[in-house]
Amino acid sequence: MSAPRIFHNLIGGEFVPAQSGKTFERRNPADTRDVVGVFADSDERDVHAAVEAAKAAFATWSKVPAPKRGEILLRAAELLQARKEQYSRDLTREMGKPLFEAGGDIVEAIGMAQYAGSEGRRMHGVTTPSELPNKFQMSIRQPIGVVGLITPWNFPMAIASWKMLPAIVCGNTVVIKPGEDASVSTYNLVQCLMEAGLPPGVVNIVTGYGPKAGQPLVEHPDVPVISFTGSTETGRLVYELGARRIKRVSLEMGGKNPLIVMPDADLDLALDGVLWAAFGTTGQRCTATSRLIVHRAVAKELVDRIVARAQSLRIGNGLDPATEMGPLVNEKQVQRVLNYIEIGKQEGATLLCGGYRLTGGDYDYGHFIAPTVFTNVTPQMRIAREEIFGPVLSVLEVDSLDEAVAVANDVAYGLSSAIYTRDINAAFRAMQALQAGIVYINAPTIGAEIHLPFGGVKATGNGHREAGPTMLDVFSEWKSVYIDYSGALQRAQIDNAD
């Protein structure tokens, strides 16, 4: 195990300790003997310093031509590609997901750097004909100012890139508070940007916990835009605090995602989709499949196969290439998941596999829970309605497509959804009826790509979308411009007459 790295806050291009002098450790969730890093435990003083640095940088960065800003992102993409293996290992050590998944996280950041970098030459406005003669009108995008970003630990580089890169290509400057359980990947991303030519102060990093560092960032009067990804409970607070100052607030929050399997589905395909979506990233995805809504005609066959595969998954340290499922992120999350498993038992659901903490050998040094499957789950049970954020799958049986869609929609969330069927009419009906920002047909509830909008409805989000062609909307301001040149024409006519 290598010696722990020391990470100071990045403020105005300089790495500085927290003004309190306090720090906190982050340990590998698969092996808590491994200290991944020591980080600044920041408070409102550090946030204020970071915002002041971002304000100072905005004056010049906002005037850099957008294509030039984009070129920095494109160069950063090349650096990320060259360091993919190194950064994947860093990511696995800090949050636990297996190396092959961590590599996907880095690939998303590479794709976003390429996509957002190209937007520097495609930051189109709109021109429309005027209803009056001798008049021209158009709309243009402009940067807003200092953007506050609060990112989670489960996709520590991908989600940071979804927010940070569109913000800076629009000409804004950034203060980011990464999730305290996984901050290394944010530093790695910003290191590439700095080496690619990003000026000091355009991106500033403040590490720490929500109440002391996140809340002051949300409340800061000089931060007009907040973009947050995390729990719905915290997102509501962020929204309330932002509303008091009429801030632009973008929220990406929880999910309770359904995967529907109809009797005509390809069960081999559905099996692979359920396994990967329910237990990939140890179920710690906002898009994870937490509800399998399966037609009664094929329920037993499919569930039996899911249980057999779940019980055979290789669980361990994500740095081992053979590992298929890693640990939960911390002890608090372990206790949360175990508590929900007990709730499921008490509610009368049938536990078919898992439901316990893995112990013995190296498991004693990590946060491991066996993949868990419940059957005889009803739509009103808490395990079918509340986000667990762990490797727990609830199986609900239905008798028709209409019932499946009704059960799928009967929760507070609406992020991702999926249906497996060979019936194109059923697929189109579900696509339109499912209350979710994302619908997959014959594919799992995970796997979003950066060139389509990402986000949800209901308690999942507040209408904004990340990635895709709409990603600039949160981070830019529209300005309408009207030019009346009738006076100039009249003057030209008079001058010509003279």
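Let's start with a cysteine: Cys192 is buried, at a relative accessible area of 0%. Buried means under 20% relative accessible area, exposed over 50%, and partly exposed in between, using a 1.4 Å probe and protein chains only. Cys353 is buried too, as the table shows.

| Residue | Relative accessible area |
|---|---|
| Cys192 | 0% |
| Cys353 | 4% |

The structure holds 0 disulfides, a disulfide being a pair of cysteine sulfur atoms within 2.5 Å.

Keep in mind that this is a predicted model, where local features need pLDDT of at least 70 and side-chain atom pairs count only at pLDDT 80 or more, while totals for chains, interfaces and linings use all residues. Residues are numbered from 1 along each chain as its sequence is written, and side-chain values use heavy atoms, leaving out hydrogens and water.

Now for the domains. The domain assignment, which is automatic or from a database, gives domain 1 (6–253 + 461–480) and domain 2 (257–441). Their contact (heavy atoms within 4.5 Å) takes 25 residues from domain 1 and 26 residues from domain 2. The C-alpha centres of the two domains lie 31 Å apart.

What joins Arg285 and Glu101? A salt bridge does, with the closest N and O atoms 3.5 Å apart. That term means a side-chain nitrogen of Lys or Arg within 4 Å of a carboxyl oxygen of Asp or Glu. Between domain 1 and domain 2, the count is 1 salt bridge.
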